[in-house]
Amino acid sequence: MYETGDLIIYGNEGVCKVDAIGMPDIPVLGKKRLYYTLLPQYQEGKIFTPVDTKIFMRHVITKEKAEELIADIPSVKAEIYENNNMRFLSEHYQSFFDSHECRDLLKLVRDVYLKECDAKERGKKLGQVDEKYMRRAEELLHGELAVALGIPKEDVKEYITKSVEEEN
């Protein structure tokens, strides 16, 4: 069970802060279950979810794990996944989100970035499905890394670039 103030990953919503634990004063929820009141850190609103929900939740990674992940970026092998069937392409990309692991999100970003570079070399543009999933993976990854590293989300890309350059 999480505690008030904990920063967690909730499903594919990204980083949320546990604001309260209890029975919210919302008639449709009833009074028989405990709920987390979650505050998404990078969007507006509140999320009420039962403490015993089946939706994936975990603590945000530590600063040490974030730095380790960033240091490992050069060793993450990127591969281009081609499929003209949008459903298969979406399912392939969605599988990276289903693990809820930063390393998988990083792999997805690297794969699509390589695909984008390849497309540019051939005078083409990256497809909408590719762009959509890459943006979402970056959003989730950068949000978690920002919290773990204690820096603003908009500074994460530059932090990664500098860290990777220093390693090489």
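User: Where does histidine 100 lie, relative to helix H2 and helix H3?

Analyst: Histidine 100 lies in the loop between helix H2 (86-98) and helix H3 (102-121). Helices here are DSSP runs of H or I with at least four residues, numbered from the N terminus. This is a predicted model, in which local features need pLDDT of at least 70 and side-chain atom pairs count only at pLDDT 80 or more, while totals for chains, interfaces and linings use all residues. Residues are numbered from 1 along each chain as its sequence is written, and side-chain values use heavy atoms, with hydrogens and water left out.

User: Why is histidine 100 called buried?

Analyst: Buried means under 20% relative accessible area, exposed over 50%, and partly exposed in between, with a 1.4 Å probe and protein chains only. Histidine 100 has 15%, so it is buried.

User: Thanks! Which residues does histidine 100 touch, leaving out those up to four places away in sequence?

Analyst: They are Gly11, Asn12, Phe56 and Arg58; contact means heavy atoms within 4.5 Å.

User: What makes a set of residues a nonpolar core?

Analyst: The members are buried Ala, Val, Leu, Ile, Met, Phe, Trp, Tyr and Cys residues, joined through side-chain atoms within 4.5 Å. The largest such core has 32 residues, and those with the most contacts inside it include Tyr93, Phe97 and Leu108. Helix H4 (128-149) is among the elements that give two or more residues to this core, and H4 gives the most, with 10 residues.
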